[in-house]
Amino acid sequence: MNLHGSEPAPASAGAVGATGRETLLRVRGLNVTFGPAADPIRSVRGVDLDVRSGEVVALVGESGSGKTVSALALLGLLPAGARVTMDEAVLAGEDRAAMSDEELRLLRGARVGTVFQDPLSSLNPVQRIGDQIVEAIRLHRRVGVREARRLAVARLAQVGIPDPERRCRDYPHQFSGGMRQRAMIAMALASSPPLLIADEPTTALDVTVQAQILDLLQELRRELSMGVLLITHDLGVVGRVADRVVVMSRGEVVERGETEQILSRPSDPYTVRLLDSLPRLDVAKSAPPAAGDAAEEIALETSGLEVVFSRRRGPLGGRALGVRAVDDVSLTVGAGRTLGLVGESGCGKTTLGRAIVQLVEATAGHVTIGGTRLGGESARRLRDLRRHFQLVFQDPRASLDPRQRIGRILEEPLALHGLCGDGEQRRRRVAELLELVGLGPEFATRLPHELSGGQRQRIGIARALALEPSLIVLDESVSALDVAIQAQILALLERLQRELGIAYVFISHDLAVVRQIADTVAVMYLGRVVESGPSEAIYRGPRHPYTAALLSAVPVADVRRERARERIALHGDPPSPADPPSGCAFHTRCWLRRRLDDPAVCTTTRPALGGRADSSQHRAACHFADRQAALLPASLLGATQGASA
Amino acid sequence: MASFVARRVLATLAVLFFASLIAFVLLRASPGDPARKLLGPQASEQAVAALRADMGVDRPLLEQYGTYVADLATGDLGYSWRTRTTVTDELAARLPATLELAASAMVFALLLAIPIGVLSAGRRRWVDRVSRSAAIVGLGMPQFWLGLVLILVFFTWLGIAPAPFGRIDDTVALPARTTGLLLVDSLLAGDLAAFRNALAHLLLPALTLAIPLAAYLSRIVRRSTIDVYRNDYVRTARAKGASEARVLFRHALPNALLPILTLSGMWFGELMAGALLVEAVFNWPGIGGWVAQSIQAQDYAPVQGAILLGALVYSVVNLVTDLLYGVVDPRIRLATS
Amino acid sequence: MSATVPEAARPAPGPRGGGRSPAPVRRAWAAVGEAGLRVVAIGLVAFLALALVGPPLWGKDPLAVALPDALQPPSAAHPFGTDELGRDVLARFLVGARISLAVGVCAVFASSVVGTLIGAFTGLVGGVVDAVIGRALDGVLAFPALIMGMALAVAMGPGPLSVGLAIAVTGVPWYARTVRSEVLSLRSREFIDAQRVLGAPTGHILTRHVLPSVLGGVAVQASLGIAYAVLAIAGLGFLGLGIQPPTPEWGGMITAGRTYLISGQWWMSIFPGLGILALVTLSMALGEGLRDHLDPHGKLRR
């Protein structure tokens, strides 16, 4: 992978899959049922699939659509109790339908490699990485341990793990997320299988790391001429790597075809809806408010906010380590506006959100909400002030008390703040809140676990609304939801903002979602804001090299544009916040710095968040912010501006 | 790793400190005059006072605790007036009998518990139902009563077990003592008759001790096996093409047996307490029977010695398992280095 | 979750209409949960009834010595036989049930209250206090109830008080551990953070959200604790360190019958043992059932 790992579009997507390629996977009429025979749950119904060598076929669908179940059924990895039938199946050149369990077992690993979603839990925590790959090799090849170890090291090198000799003696928990997924891929490749099945291989990863893994898959496909069955919910990933797409919904295939055709001219209504609800990098907030004027009311202001977690080492004391999770952050959000807070995992965005709502204490700086400066007040006074700022959590399941009914959950904040008087009034208010988030009054008597994920998140929002706050912090509040539900919740949030004039701090790792909802954006890296300004300005002309790299890494569901893009590749994972690099914290991964022949100032001086003379709103913390525009690939901007520009 | 070991050793010392404190408070600070108990009601007041001064029980409690700990540190556990021996000697003489019983019980228990636990974690539900009921009954039986039932059935009714008195028949010559463990000593001496006789005597008490433990451990193994099989890495192993046997023995079982290791301090403590009762039932010449007799005679130095020995064994077992756990699980070992 | 609704994981069932406010009995019945748990509950209630009204109903004096009737095998007049002094074993068995239950329940109640308080306190405070108290509790853990009972019997003389105290003291670390770990895991749960964001005072969070979750674990532990207590009472009685004769106590009865058992007069020892077995088994099954009932994963497992 070179710095600008520009991927040539696979020789005209239309021609791939033509004759001359070996059929690795061919399934007709795959059915999977669970549960009692009298009342079966039919998870997969009559699915047909084909994968030929050298092509990537994406199996796409929302959660519960049966895509993973289909793959596990083919591999014989479903739990007992699942009943699998198929009319016809060829797996890696052999007749799958006629195979005994033992023959299927010998096929797994040898002829079909598998990569799963969560690389940490998918690797055995108490075995060394190298040993796990050695096992995969020796299960199918009669080679000595030493020879197998040599092969394992070669595999690790092949998937881009630096210093494989040493790393192969590490345990999974010593690897970073991206490295673990590389190790999983190395293990899947152990016996050079012609077919690779990858189940959501990049879903648990950050977007810049996802870009690396997708590059790796492309490379392997090209060099080894492998066939890849890629299971994913992310149409951007599909647009990026897949040759052909199979769309599943409720256990059935609803549409199949060439990637470009499906993504640009879908015919099935389900696919159309899926694509419509997809947040896009090139579509801005639907109803941007009138241009901000100086007299605008301020809902939230942080100045010089800093959160340092001190970690003592054991009861014997020792050196105290400070992790600077949030470092000198100054932001403002206007009343009724939305600030998008963007960054990869570990950048401190969640901690910042929690510091704003006073869940963690700031070690320096202060937060001002609605003109009231917080900090130093009595616990009682703070509890009263909490009416004005609320938080919606990422995981609604964990943030609702499992033993309380919904009505009780929504009444509790009212009772705590002595609002809405007596029981009857409160019940009316609960019904009102439910209606506000689009749910019926009958939900009041249900328990959280009886609700779907989207419904639960609506309850989380209703609970925050109960106190009529002027500011709501939304911490990855739509990240766990399927795109269609996500779109509904985003629309709900926009409606509530218009009707009630609430300001949002919208924390997300997903740049496309942020573009859709935010008026202003702040990008965080290792605890600091590296770029902030109006959303439009940032998406159209990023001034910080990190923002540019993030935008470049997001795959978009538009084949022509996606494959024409010249990409900025970032190497490695973000450094540990416990031990940030000197000077500009981004310099270890900065592509711009390399293009400028490694200026020394980056390693010595931390750049301040500064604006250009002509637009004081759009600020970036980079010594060379003004020189970046000339070096940005033109195609990058193409992806973020699009038709609406 | 070094700091991990240091911390675990420190924690163990802390536990031992509290244990010694508890034993001290229980037995020295209790009402009643130990000197009077020792000398009996006929002794004169002067003699009692002299003995009190001699024993040091007239000094302040804190000072008493100091000498008590100092004595402990030198291995001095006091003197049994009933048997006229030092507690340390007596414990050392009786330890092999108890050890032989406890160790064989442990082996029996593990041999029963691991296969049963793994099988009942499997797909056949009836296996689980049967083993679950059996485990609850096994845990519900008082050990001494179970011993009596076994004696009733195998000695009184069937007549196939030897009389429940001691480790070996009086008519059989004892093998030369090297380890004190009769099974080992008789094998070393090549004395098969003695070995068979000792084994016959050992079988019932060891089973009595093993059954409740096996019942408990089988449930632990079942639960942890189920938990381990839910991990994604088991699916990964299958996806690699590993056979079910390999998945079980190489990936699942090592992780599933960890809870047995972590809980071993606890169940070893229960094993020791159980030995106390079972030795009494089978008239086994170990520490338990001796302690039981000492209690009846109100001779408390042996009782205190046994309590401290129990606490020591418990703490050391816990320490060893913690360290072993560190060796087995790299996440613990490497996180602290 | 109502026990009448099958446990199948169906998505978002509607609100439960009709019987939303059942009679207290029905509510308690529903709380008892699955069928297996109900059988256990019936068994325990039967046992309790036996202990309470059994002795007056049977009417024989458990202490009345009748040497001519000594060592009679079970018969219509003496269903459980007579002991070496001609006392009716069934009468003694019934009173023994009372004693085991009374001492066991009192001891478990005391240790669960103390243990819960200590566990909640250390879990909430954390830091050095938690570490020191934790080591002290580990120190107590080094003494099984039997050993502690032994020491206490020597120190303060054998009797119900020393037995109960030993069981109570050795039980405390178990409750403290259970509660502490529950409190710690709750502290990191988001719904507690959510309460803070809403402006709930600490007292409100503790009583409305933490305590209800913790009590489930304590109830499980207490059921197992009763089982453990009954065994320890009998074990101490067997060693002669428990409740002293002539009070009929199961462990002591087994000891008394021991020498006769070897010569074939088994009933003196066997019946009290079966009583212990039944009571312990029922309490343990209650604990296991409660654990599965309270654990949402456990439900799906079977």
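Residues 99-124 of chain C are 100% helix and 0% strand, with their end C-alpha atoms 37 Å apart; helices (H or I, at least four residues) and strands (E, at least two) are DSSP runs, numbered from the N terminus. This is a predicted model, in which local features need pLDDT of at least 70 and side-chain atom pairs count only at pLDDT 80 or more, while totals for chains, interfaces and linings use all residues. Residues are numbered from 1 along each chain as its sequence is written, and chains are lettered from A and ligands numbered from 1 in the order in which they are written.

An unreviewed UniProt entry places the feature "transmembrane region" at several spans of chain C, including 99-124 and 136-155; positions follow the numbering used here, feature names are shortened, and annotations may be inferred rather than shown by experiment.

Chain B is divided into domain 1 (2-73) and domain 2 (87-336), with bounds from an automatic or database domain assignment. Their C-alpha centres lie 32 Å apart. In chain B, 13 residues of domain 1 are in contact with 15 residues of domain 2, contact meaning that C-beta atoms, placed from the backbone, lie within 7 Å. Helix α1 (residues 2-28) of chain B supplies the largest share of the domain 1 side, 12 residues. By class, that side has eight nonpolar, three polar and two charged residues; Ala, Val, Leu, Ile, Met, Phe, Trp, Tyr, Cys and Pro count as nonpolar, Asp, Glu, Lys and Arg as charged, and the others, Gly among them, as polar.

Terms used
Contact = placed C-beta atoms within 7 Å.
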